[in-house]
Structure formats: C-alpha cells, structure tokens
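Take a look at the sequence and the structure below.

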Amino acid sequence: MSRNNKPILRMAAEIHKQYLVRSSPASPIEFSRVPYERCLKLVRQLRVAHSRDWHGAAECVRRDLIAALESHQRELQSLSTLLSNMAHKPAVVNMRDIYEELTALHDEFDGVSWHAKQGTLSVATESIRLDDVYLGSFEIQLDCRSLPNAHYEIIALDAQPPSCNESVTHPHVQDNVLCEGDAQVPIQQALSDGRLTDFFQLVAITLSTYNASSAYVTLADWDGVPCVDCGSNASEDYRMSCSRCEEVVCDDCSRSCEDCGDHCCGECLGLCHACENCYCGNCLKRCDHCGTRNCSGCRWEERCKRCHETTEQECKQNRQPEGQRKGEQELEEERNPASVPQVRPASPDTAAAVQSHGVGEAAVPAGLR
Ligand SMILES: [Zn+2]
Ligand SMILES: [Zn+2]
Ligand SMILES: [Zn+2]
Ligand SMILES: [Zn+2]
Ligand SMILES: [Zn+2]
C-alpha cells in the first residue's frame with residue numbers, strides 16, 4: 001500500500017461506519033398509537049352528537065376529526081416513505097467497496113477533500129459554462145454523517161449569481177441546494193448503494209445540464225436586472241439607469257424628458273399640468289400660486305400660465321381707473337392749463353363742481369359771469 005493510500009483508507013473507514021450504523025437492523029421504527037386513538041375517540045363523539053341532534057357540537061367534532069385524520073395520514077405517509085427507503089438499502093456496503101470508490105473518485109475529480117471534523121467529502125467540478133453564461137466551478141460537498149441519505153451542498157467557488165437573485169448560483173441551484181429534477185432517484189440510489197463516484201458524477205452532470213423550464217433564473221435572464229417600473233428582468237442592452245434616481249429601468253418603461261431629454265423611470269417623470277407632456281423633476285416647477293407642476297413652456301416666472309394671466313387681469317382691473325384718471329389729468333394740464341376754465345361754462349355741472357373746489361374762481365374773469 002503506498003503512502004498516499006492511508007488518508008483514503010481512513011476516509012473509507014469513517015464513511016463505512018455511517019453505512020454500518022444506518023443499515024443496522026437495530027434502527028428503531030417509531031410508531032405511535034396516539035394519533036389513531038384520537039381519531040377513534042372523535043368518531044365516537046361525532047356519533048353521539050348526531051344521535052342527540054347536537055348540531056353545533058357535531059360540526060365542531062367533524063372539523064376536529066378531519067384535522068386529526070389528515071395529520072395521521074401524513075404520519076403514516078412518512079413512515080411508509082421511511083420503510084421504502086430502507087428497502088433500497090443494500091444489505092452490506094463493505095469497506096473495500098468504499099475504499100475503491102474513493103480511489104476512483106481521486107482519479108475522476110480534482111480537488112477531492114475530506115474534512116474529518118465536519119464529516120464532509122467534497123469534489124470540485126470543472127468550470128461550468130452554460131449557453132455562453134460563465135458560472136464558475138462548484139464544490140459538491142457531501143455530508144457523510146447523513147449517509148446513505150443524500151444530504152449535500154453545491155458551493156459556488158467563483159460565484160456568478162444573476163443580478164436579480166444573489167442566492168442563485170446556477171440555474172438549478174438556490175441556497176446551495178441543487179434542484180435534481182430527473183436525477184433525484186439515481187442520485188439517492190447511488191448513495192444507498194455506496195457508489196460514491198457515481199453520486200458525484202451524477203451531480204456534476206446535472207450541474208452541466210440546463211433546463212430552462214425548471215430554472216430558478218433562466219440563463220436568458222442571467223445578466224438581467226429587474227426594471228424598477230415593471231419588474232421584468234432587463235438584459236444589459238435593453239435597459240438604462242434613470243438619470244435622476246439611478247434605478248434600472250427597461251427600454252419599454254423609460255421615457256425622456258420633453259425639455260432636457262434625460263431618460264427617467266416612471267417615478268421621476270411627471271406630467272405638466274397644462275400641456276400634459278412628460279418632464280423630469282428638474283424641468284417641472286410648482287406654481288407658487290396654485291401649486292400645480294408645469295413645464296417651462298407653460299410657466300411664467302414662478303407661476304403657471306393660468307395663474308399668471310388671472311393675476312395680470314386682476315391687477316389691470318384694480319389699477320386701470322386710477323391710472324386713467326391720473327393720466328388724463330396730467331395730459332390736460334400739460335397741453336393747455338388755461339383751457340380748463342374756458343370749457344366749464346358749457347356745462348353748469350362741471351362749472352359748479354370746479355367752483356366748489358375753488359379752482360375756477362380766480363381763473364374765470366368776472367366779466368364772463
Ligand atoms: Zn420596465
Ligand atoms: Zn427615477
Ligand atoms: Zn428635464
Ligand atoms: Zn407644459
Ligand atoms: Zn398656478
């Protein structure tokens with residue numbers, strides 16, 4: 001025996017122990033009569049309730065009985081599964097078989113490692129690339145303490161998760177667990193039979209195959225990022241980031257501001273209250289009068305056009321009479337200051353009005369009265 005075989009022998013001895021423990025006929029089967037007896041009791045109670053026309057009580061018992069039967073059914077089912085798994089177990093997996101399996105494993109895979117403390121046996125796959133998407137290599141880590149059950153993890157050694165889900169490292173691996181699909185039975189069978197090399201090969205083959213219909217994230221969506229507006233996975237050449245909030249927005253959802261042309265997500269764009277075109281938050285301003293948001297074309301300084309026009313009109317109405325009076329008076333005085341008394345006699349009302357102010361008295365010659 002060469003020096004290198006010693007660790008393999010030790011490994012084989014440890015793994016063999018697991019098979020011995022599990023295939024030992026001493027493994028107890030738990031089977032309790034309690035759930036069954038509870039069902040029987042409820043059946044009796046239901047019979048009594050019916051015979052005495054206790055409709056309310058009968059209804060309560062009926063519901064309890066359904067729950068009890070369902071729970072009992074589940075227990076029977078798991079017992080039945082346990083028993084059928086036991087039937088798959090080989091009578092004996094001997095030490096020599098395991099040793100040979102482990103030797104073959106070293107020939108077949110690089111990076112075979114045994115962690116005695118954790119009881120894990122691992123191999124590393126080659127780098128995997130599916131449909132031109134690089135996924136890196138994976139460590140298949142078998143928990144030997146659970147043998148012959150298939151408890152193992154798939155650990156990405158150079159994780160390349162899709163941007164939309166960090167816990168997915170392979171289309172069929174999420175949270176380090178492989179979705180085995182059709183390989184489930186052969187994988188379990190290989191471990192039950194102590195065919196360790198077959199187990200690792202089956203898992204490695206499953207990792208190098210791709211089925212879009214059962215993928216956690218399809219390869220087509222691998223480099224996709226969810227659009228902030230519609231949630232769809234947008235691939236690199238079908239998305240942009242919003243120029244305001246920098247969230248990813250797909251081409252379908254992104255709109256450009258009618259004014260500055262910046263591409264934005266739906267959240268960051270708004271409609272001008274007046275013209276109803278799309279503008280970014282920078283290009284829409286609130287009217288300080290009515291509070292509506294308006295584009296630069298529909299705004300006059302700090303106000304929307306409507307508020308601006310309304311206030312303009314109000315101002316005109318308030319200011320015009322005063323302005324007109326003032327303007328006319330100034331004009332008259334400028335043009336011909338002496339003409340004022342001359343026109344007055346033509347209208348007695350005006351003359352009286354003027355006289356009452358005491359303006360015309362001095363100006364009107366006494367001879368004309
Ligand atoms: Zn979108
Ligand atoms: Zn945005
Ligand atoms: Zn803008
Ligand atoms: Zn506008
Ligand atoms: Zn306004």
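At what angle do H5 and H6 pack, and how far apart are their axes? The angle is about 160°, and the axes are 8 Å apart. Axes here are lines fitted to C-alpha atoms, for helices over the stretch in contact, and angles run from 0 to 180 degrees between N-to-C directions. So H5 is roughly antiparallel to H6, a term for angles over 145 degrees. The crossing of H5 and H6 is left-handed: the near helix is turned anticlockwise from the far one by less than a right angle. H5 brings Pro186, Ile187, Ala190 and Leu191 to the contact, and H6 brings Asp198, Phe199, Leu202 and Val203. Two residues are in contact if their C-beta atoms, placed from the backbone, lie within 7 Å.

A word on the model itself. It is predicted: local features need pLDDT of at least 70, side-chain atom pairs count only at pLDDT 80 or more, and totals for chains, interfaces and linings use all residues. Residues are numbered from 1 along each chain as its sequence is written, while chains are lettered from A and ligands numbered from 1 in the order in which they are written.

Now step back to the whole chain. It holds ten helices and 21 strands. These are DSSP runs numbered from the N terminus, with helices (H or I) of at least four residues and strands (E) of at least two. Of the 369 residues, 22% are buried. Buried means 20 or more other C-beta atoms within 10 Å of a residue's own; exposed means 12 or fewer, and partly exposed lies in between.

Nonpolar side chains tend to be buried together in soluble globular proteins. A nonpolar core is a set of buried Ala, Val, Leu, Ile, Met, Phe, Trp, Tyr and Cys residues joined through C-beta atoms within 7 Å. The largest one has 30 residues, and Ile187, Phe199 and Val203 are among those with the most contacts inside it. H6 gives the most to this core, with six residues. Domain 1 (5–88) and domain 2 (95–220) each supply at least three; their bounds come from an automatic or database domain assignment. Beyond its close sequence neighbours (within four places), Val203 touches Ile140, Leu178 and Ile187 by the contact rule. A second, separate core of 23 residues includes Val225 and Cys265.

Finish at Tyr216, in the loop between H6 (196–207) and strand S10 (225–226). Tyr216 is partly exposed because 16 other C-beta atoms lie within 10 Å. Val168 is 48 residues away along the chain, yet the two C-alpha atoms are separated by 7.2 Å.

Key:
Parallel < 35°, antiparallel > 145°, perpendicular 65-115°, else oblique.
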